[in-house]
Amino acid sequence: MYTSCRLEGFKNARKKTNIAGQTTGIAAGQRLLRRGINTIRVCVKGIGPGRMTAVQGLASAGVNVVSITDRTPLCELGPRPRKIRRV
């Protein structure tokens, strides 16, 4: 199941807050319980303050969280090099 803060009605800068993460987690947990799923494994992507509060929202909705996996993509080559200087 996938959900985001935008689907729950948060726009622009409010998407980054703890409250948006918790609200999204609770909504996702309620959807899971309606489908009859009680035990889940969570994959979290990206950085920000709403990550762990979203998982806490899932747990507070009554879903049993077995594991939490961080799938944040990391750049292996680093930033792009500077443009070659022409004199």
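**Strand pairing.** I looked up how strands S1 and S2 are arranged in this predicted model, and I found that S1 (residues 39-44) and S2 (residues 64-70) pair in the parallel sense over 6 bridges.

**Salt bridges.** I next asked how many salt bridges the structure holds, and the count came to 2. Side chains of opposite charge can pair when their charged atoms come close.

**Arg31 and Glu8.** One of the salt bridges joins Arg31 with Glu8, and I noted 3.8 Å between the closest N and O atoms. The pair links distant parts of the chain, since Arg31 belongs to helix H1 (residues 18-35) while Glu8 sits in the segment before H1, 23 residues apart. I also checked accessibility, where Arg31 counts as partly exposed because its relative accessibility is 29%, and Glu8 likewise counts as partly exposed, at 28%.

**Arg51 and Asp70.** I found that the side chains of Arg51 and Asp70 meet in a salt bridge, at 3.5 Å from N to O. Arg51 lies in helix H2 and Asp70 in strand S2, so this pair ties together parts of the chain that are 19 residues apart in sequence. For Arg51 I wrote down a relative accessibility of 22%, which means that this residue counts as partly exposed, and for Asp70 I wrote down a relative accessible area of 47%, with this residue partly exposed as well.

How values were computed:
Residues are numbered from 1 along each chain as its sequence is written. This is a predicted model: local features need pLDDT of at least 70, side-chain atom pairs count only at pLDDT 80 or more; totals for chains, interfaces and linings use all residues. Side-chain values use heavy atoms; hydrogens and water are left out. Two strands pair if DSSP finds at least two bridges between them. Helices (H or I, at least four residues) and strands (E, at least two) are DSSP runs, numbered from the N terminus. A salt bridge is a side-chain nitrogen of Lys or Arg within 4 Å of a carboxyl oxygen of Asp or Glu. Buried means under 20% relative accessible area, exposed over 50%, partly exposed in between (1.4 Å probe, protein chains only).
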